[in-house]
Amino acid sequence: METSHERVITEKFDAVTLIKINRPQSLNALDPLTLQQLGAAITAMEADPQTKVAIITGAGSKAFVAGGDIGVMQPLDPLGARRIAVDVQQLLNRIEYGSTVFIAAINGYALGGGCELALACDIRIAADNAQLGQPEVNLGIIPGWGATQRLPRLVGSSMAKQLMLTGERINAAQAAQIGLVNEVVTAAELMGRAHELAQSIAAKPKIALQLIKEAVNNGLEMDMNRAFAYEADLFGLCFATADQKEGMRAFLEKRQPNWRDE
Ligand code: CAA
């Protein structure tokens with residue numbers, strides 16, 4: 001079933017929800033209405049207990065998202081700019097820290113806020129015609145939707161600084177080389193591969209998926225000793241689930257598990 005929120009279209013495929021930013025005439029640049037509709041789409045998806053994985057992509061063949069809307073930002077005063085940065089950071093944190101697994105299917109330009117949207121996702125796959133970058137310096141600003149923090153954690157501080165200080169775009173192959181995207185496929189294959197990956201993850205038990213995200217995301221913010229203790233706690237928590245009993249029983253009985261997501 002396809003649900004159109006005009007600037008954000010969602011479509012459900014069993015446990016996978018496709019979220020498409022739909023403003024192709026502006027290369028899917030994120031203006032306040034699009035951001036609001038993206039937030040609403042995520043809220044609706046989270047209310048659906050069946051969904052385990054979301055794929056985010058852009059409408060049209062040119063862009064994933066070409067950034068925050070420059071026309072909207074140009075007249076902002078400092079407090080207005082700070083407000084929008086905080087609001088979008090919170091929206092992107094819902095993607096990174098929420099229980100749904102997010103896959104960015106990068107189908108063209110992922111620049112500025114578009115690259116930051118992809119950075120908040122758990123997995124990034126790119127079409128071979130994609131271009132990624134943080135060109136904010138060319139506008140007299142710094143990235144404000146998370147890149148100064150997420151990009152160095154992902155690709156290392158030196159590479160992150162080079163991308164942000166030069167504002168240069170890199171292609172999909174270069175992005176894969178530095179670990180900014182996980183995989184590169186042809187543009188024709190992109191959505192097929194995104195769905196294949198999403199379905200394979202959606203076939204796993206939901207609580208284990210959630211706890212893997214939590215262990216990685218929260219553990220990265222801790223020192224190693226606390227992080228190991230945290231991992232052990234979450235590992236222990238798995239043993240409170242029906243799926244742990246079922247998964248191990250199925251292995252021992254040499255059959256496929258029947259997950260109950262509980
Ligand atoms: N904001 C608003 N409009 C945008 C936009 C953006 N980020 N990116 C593209 N558009 C609009 C263009 O203005 C143009 O609109 P019109 O047809 O009405 O003129 C339309 O999309 C098509 O774009 P182009 O004609 O420029 O297409 P192109 O193929 O010649 O160039 C591009 C493509 C290289 C991506 C170029 O559009 C571009 O450089 N876009 C801006 C990229 C950018 O700087 N992004 C960062 C924004 S700031 C940000 O995101 C800060 C942050 O941290 C939140």
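Reader: What covers the buried residues of α1?

Author: Keep in mind that this is a predicted model. The cover over the buried residues of α1 includes strands β2 (8-13), β3 (16-21), β4 (53-58) and β6 (101-106). Helices α3 (78-97) and α4 (113-120) also belong to that cover.

Reader: Which residues of α1 are buried?

Author: Buried means under 20% relative accessible area. In α1 that gives T34, L35, Q37, L38, G39, A41, I42 and M45.

Reader: How many Å should helix α1 span, and how far apart are its ends?

Author: Count 1.5 Å a residue.

Reader: Next, helix pairs. What describes two packed helices?

Author: Two values do: the angle between the axes and the distance between them.

Reader: At what angle do α9 and α10 pack?

Author: The angle is about 170° between α9 (residues 206-219) and α10 (residues 224-238). Their axes are 10 Å apart. Over 145 degrees counts as roughly antiparallel, so that is the label for α9 and α10.

Reader: Which residues of α9 and α10 meet?

Author: On the α9 side, L211, E214, A215, N218 and G219. On the α10 side, A227, Y230, L234, L237 and C238. This contact of α9 with α10 holds 7 nonpolar residues, 2 polar and 1 charged.

Reader: Now cysteines. How many disulfides does the structure hold?

Author: The count is 0. A disulfide needs two cysteine sulfur atoms within 2.5 Å. Now test C115. Its closest cysteine sulfur is in C121, 11 Å away, so a bond is ruled out by distance. Start from C121 instead, and the closest cysteine sulfur is that of C115, 11 Å away and too far for a bond.

Reader: Are C115 and C121 buried or exposed?

Author: C115 has 2% relative accessibility, so it counts as buried. C121 has 4%, so C121 counts as buried too.

Methods:
Residues numbered from 1 in each chain as written. Predicted model: local features only at pLDDT ≥ 70, side-chain atom pairs only at ≥ 80, totals over all residues. Heavy atoms only, no water. Axes fitted to C-alpha atoms, helices over the stretch in contact; angles between N-to-C directions. Helix = DSSP H or I, 4+ residues; strand = E, 2+ residues; numbered from the N terminus. Parallel < 35°, antiparallel > 145°, perpendicular 65-115°, else oblique. Contact = heavy atoms within 4.5 Å. Nonpolar A, V, L, I, M, F, W, Y, C, P; charged D, E, K, R; others polar. Expected span 1.5 Å × (residues − 1). Buried < 20%, exposed > 50% of the residue type's maximum accessible area, 1.4 Å probe, protein only.
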